[in-house]
Amino acid sequence: MGLLENIALTGFLGSDFLKWLWFMSERNDGIFNIKDIGHAQLAVNGRFRLEKVDGSFKESFTYSGCQSENCTSPAEARLSLFKGKAIKEAGITLIIEDNEWSFTLDSKCLDIKSMKPPKTEKIKDAENNEDDSEGRFYERVFLIERAVVVIDSLFASFMAERIGDIWNDKIISEINTWLEN
Amino acid sequence: MAIISSSINMSRYQTDGDVSAKFSQEILDNLRRYSFLESAPEDENGEKIGWVSLDNMFISPLDDDSFDRNGYITMSMRIDKKTVSSRTLKVFLIKEEQRQLEQSGSDKLSKTQKKDIKDAVRMKLLQQALPTIAIYDFFWNLKGQSLYFFSLSEGVNNRFYELFSKTFKMGLIKTSPFGLAVSNGYEEKQILALA
């Protein structure tokens, strides 16, 4: 079977990952231990895009953290997940020490949308001049790759549970209980 | 520079091929060959595409120090596109058709004549038009074989894939949950069995 076909057949993995991530972040107070990084705090915040796939019919629902009657707290999004919708995108806030990232993670390719990396101070170059573009480049690459390391590490943890017996024996029912409440 | 902007969109890839810190002369020649050239003509779609320096969109990545940054390859893909609005084309087409009729003295143009006139008018207007310029950055971690391209547009990613493959003679594999699972050591059939 070709790679593209395999990717299409396993498209649910990304949605399951985002659902697992949301569940785990609420269970652990958002604290995860990431290899080579240490503690990272992660929250799946109020921005979601859910999709119901019913045969050939797709419905998309976007929930955000706004206050209008059409946009509610994540509780309604959880209920929608319980009723069979899949997470296509989720807003994430990631904190490592004093650095905070916010971004939207896409379930299909784990692409990163609208990432706002941590704010940093202006870097001076060797001549003590402001606006060292080289330094800013290396700093930005470091911050981007750090966030990606966290995502990939969490995905690895997810896969370990998803592949194992623990998923059907335990995790599914825990997630469903959490979704219902 | 998209890499250092306040809000970033990124497509993720793994490179698929032998990577060394020092590129062969063939690759360097390809990089020069596929660098963006202001003086090059547009293609039939009014487009020009090529590599430019991450720090300077007017020069090739090979012409400054930004191309190779301590194990990271960095540059941008520049796409200049000229377009002619259908309304503008229509106005000039009518004028030219009338001119041709007056010149020839006939009262009707054949289908072929109309097509030839349309192509000529469109080409002339394209030459006069100013292009829209789009710059898409990427950086490539050679050691990790991971690449980050700063656009989520499918069409732009397809163009990038094509240009990258021609230049570096290797494939790009789009990151996916399936691909990540494989890179974590799970077998294809194990992963597919989860469906």
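The following legends describe close-up views of a predicted model.

**Figure 1. Secondary structure of chain A.** Chain A contains 5 helices and 6 strands. Along the sequence, these elements follow the pattern α-α-β-β-β-α-β-β-β-α-α. Of the 181 residues in chain A, 31% are buried. When contacts in chain A between residues at least 6 apart in sequence are considered, 51% of them join residues at least 24 apart.

**Figure 2. Helix α4 of chain A.** The buried residues of α4(A) are A:Phe137, A:Ile144, A:Ala147, A:Val150, A:Ile151, A:Leu154, A:Phe155, A:Phe158, A:Met159 and A:Arg162. One of them, A:Leu154, is in contact with A:Leu21.

**Figure 3. The largest nonpolar core.** In soluble globular proteins, nonpolar side chains tend to be buried together. The largest nonpolar core of this model comprises 66 residues. Those touching the most other members are A:Leu21, A:Ala90, A:Leu94, A:Leu105, B:Phe138, B:Tyr148 and B:Phe149. Neighbours within four places in sequence being left aside, A:Leu21 is in contact with A:Val44 and A:Leu154.

**Figure 4. The contact between chain A and chain B.** Each side of the contact is counted in residues: 29 residues come from chain B and 29 residues from chain A. On the side of chain B that touches chain A, β1 (8-16), α5 (177-183) and α6 (188-192) each supply at least two residues. Strand β1(B) gives the most to this side, namely 5 residues. By residue class, the side of chain B that touches chain A divides into 17 nonpolar, 8 polar and 4 charged residues.

**Figure 5. Strand pairing between the chains.** Within β1(B), B:Ile8 is the bridge partner of A:Met115.

**Figure 6. The domains of chain B.** The domain assignment of chain B gives domain 1, made of residues 9-82 + 130-170, and domain 2, made of residues 86-127. The C-alpha centres of domain 1 of chain B and domain 2 of chain B are 39 Å apart.

Key: Residues numbered from 1 in each chain as written. Chains lettered and ligands numbered in written order. Predicted model: local features only at pLDDT ≥ 70, side-chain atom pairs only at ≥ 80, totals over all residues. Contact = placed C-beta atoms within 7 Å. Helix = DSSP H or I, 4+ residues; strand = E, 2+ residues; numbered from the N terminus. Nonpolar A, V, L, I, M, F, W, Y, C, P; charged D, E, K, R; others polar. Pairing = 2+ DSSP bridges. Core = buried A, V, L, I, M, F, W, Y, C linked by C-beta atoms within 7 Å. Buried ≥ 20, exposed ≤ 12 C-beta atoms within 10 Å, placed from the backbone. Domains from an automatic or database assignment.
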